[in-house]
Amino acid sequence: MVARVQPSDVPQARPAASTAGKVGELSALDEVGSLLHETLGERVTGELRALLIAGRLAPGEKLSLRRVAEALGVSMMPVREAVSRLAADKALEVLPGRAVRVPVLTLAQFRELTRIRLVVEGFAAEEAAKAITDEQIAVVARHEAAFLAAARADPPDPAAAVATNRDLHFSLYEAAGMPSLIEMISRLWLKAGPILNLDMRHEPRRLDGGSAVVAHAALLKALQRRDPAAARQALVEDISAAAEHIERTARLAE
């Protein structure tokens, strides 16, 4: 449900020199409508971003704009605006005929993305270890325990593992206290999320006792010791092991 725009939130329209009455009222209503429209576009963008980051949309998957509009209970216009924003970030592709799909990364693109993630997310882990509070460590620990439970379930629960993996990573990055850094990492995950989480969903056997379980445990210990170098190393090992596995499974375009 879209929140009502409060009167204090609406800019006051300047009176026209030669118009009054109903003309002025229509102008004010139009302005309120544009604010509401902008809010819807931002909300749709947020919903699609969350699906991409969480790996709920797979590489190559086509999106029906009408289906998105129906699912979110909005018109087509805010959906088109959201797609335009995400296409500008290269998180979605607009194909001939205005079809929309999640990009399929080439091997070269994936390797470039992985190298950038190692630097940026490794830095975030390092900074988080310097600034993290006991309460934030407890949050990371809860996500680590939830990931472990999903990985060791019989059979493993890939959907829960994907969700808790995302929560663990971003609770770590948020502890660094750098909003611009979070925004940067979110943009990287817009591209990485679909392929990383598709791999986790399709290969549940690698969850139980796999590299992610080991890396997450090492990361938590590093945070508890406030050891920036160890936190960065654990994060690097987590990303690197996942990337190596994806390359071996040949899920990437040439």
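Helices (H or I, at least four residues) and strands (E, at least two) are DSSP runs, numbered from the N terminus. The model is predicted; local features need pLDDT of at least 70, side-chain atom pairs count only at pLDDT 80 or more, and totals for chains, interfaces and linings use all residues. Residues are numbered from 1 along each chain as its sequence is written, and side-chain values use heavy atoms, without hydrogens and water.

The pLDDT, the predictor's confidence in each residue from 0 to 100, has a mean of 83 over the protein chain. In that chain, 80% of the residues reach 70 or more. Residues 1-29 stay under 50. For them the model has twelve contacts (heavy atoms within 4.5 Å) beyond four places in sequence. Where pLDDT is low, the predicted coordinates should not be read in detail.

Helix α5 spans residues 134-151. Its 18 residues reach 25 Å from first C-alpha to last, close to the expected 26 Å; the expected span is 1.5 Å times one less than the number of residues. Buried residues (under 20% relative accessible area; exposed is over 50%, partly exposed in between; 1.4 Å probe, protein chains only) in α5 are Ile137, Val140, Glu144, Phe147, Ala150 and Ala151. They cover an arc of only 145° around the axis, which puts them on the same side of α5. The arc is that of the directions from the helix axis to the C-beta atoms. The face turned away from the buried side carries the exposed Asp134, Glu135 and Arg142.

A cis peptide bond, with omega about 0°, joins Asp154 and Pro155. Pro155 lies in the loop between α5 and α6 (158-174).
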